[in-house]
Amino acid sequence: VELLVRHWAGINMLNRQGVTALVHAAANNHPAVVLRMLRAGADAVLCSASGRTALQMAKANGHAKCVEAVRTYLGEVAGRSKAPPAVGERADATSASSGEGGAEAEPNSGGAVPEEARHAEEL
């Protein structure tokens, strides 16, 4: 995983079976890998060829620790979007999840952070 992340080797690419590395990790009960990949920018809303996200796959397979890893990450994302602007950030930027717009995606997120934060309500 570290090698994949370090060399940014297409973290969201699908394999021949139409599965991302994140979905594969969730389906095979590897919670530490799930959390590390999410923090590195893996897109939690990408679906496998079967139409399931990593969270849905973990739930379907009864992998509670993988479900918790996704929830932990989504909590981190939601916490960042509610935090006051850091030094050097625009004071007028607001959270996309509040419906006010103006937020900028976190680096390495592929623009998925606001989308993931909205999906946190499903959990």
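Colleague: Which residues have the most contacts inside the largest nonpolar core?

Modeller: This is a predicted model, in which local features need pLDDT of at least 70, side-chain atom pairs count only at pLDDT 80 or more, and totals for chains, interfaces and linings use all residues. Side-chain values use heavy atoms, without hydrogens or water, and residues are numbered from 1 along each chain as its sequence is written. A nonpolar core is a set of buried Ala, Val, Leu, Ile, Met, Phe, Trp, Tyr and Cys residues joined through side-chain atoms within 4.5 Å; buried means under 20% relative accessible area (1.4 Å probe, protein chains only). The largest one has 24 residues, and those with the most contacts inside it are Leu22, Val34, Leu38, Val70 and Tyr73.

Colleague: Which helix gives the largest share of this core?

Modeller: Helices are DSSP runs (H or I, at least four residues), numbered from the N terminus. α2, α3, α4 and α5 each supply at least two core residues. The largest share, 7 residues, comes from α5.

Colleague: How far apart are the end C-alpha atoms of α5?

Modeller: The expected span is 1.5 Å times one less than the number of residues. For the 19 residues of α5 that should be 27 Å, and the model agrees: the ends are 27 Å apart.

Colleague: Is Thr53 buried or exposed?

Modeller: Thr53 sits in the loop between α3 and α4. Its relative accessible area is 12%, so Thr53 is buried.

Colleague: Which helix has the lowest mean pLDDT?

Modeller: pLDDT is the predictor's confidence in each residue, from 0 to 100. It stays under 50 over residues 91-123. Among the elements, α4 has the highest mean, 95, and the lowest, 43, belongs to α6.

Conventions: Buried means under 20% relative accessible area, exposed over 50%, partly exposed in between (1.4 Å probe, protein chains only). Contact means heavy atoms within 4.5 Å.
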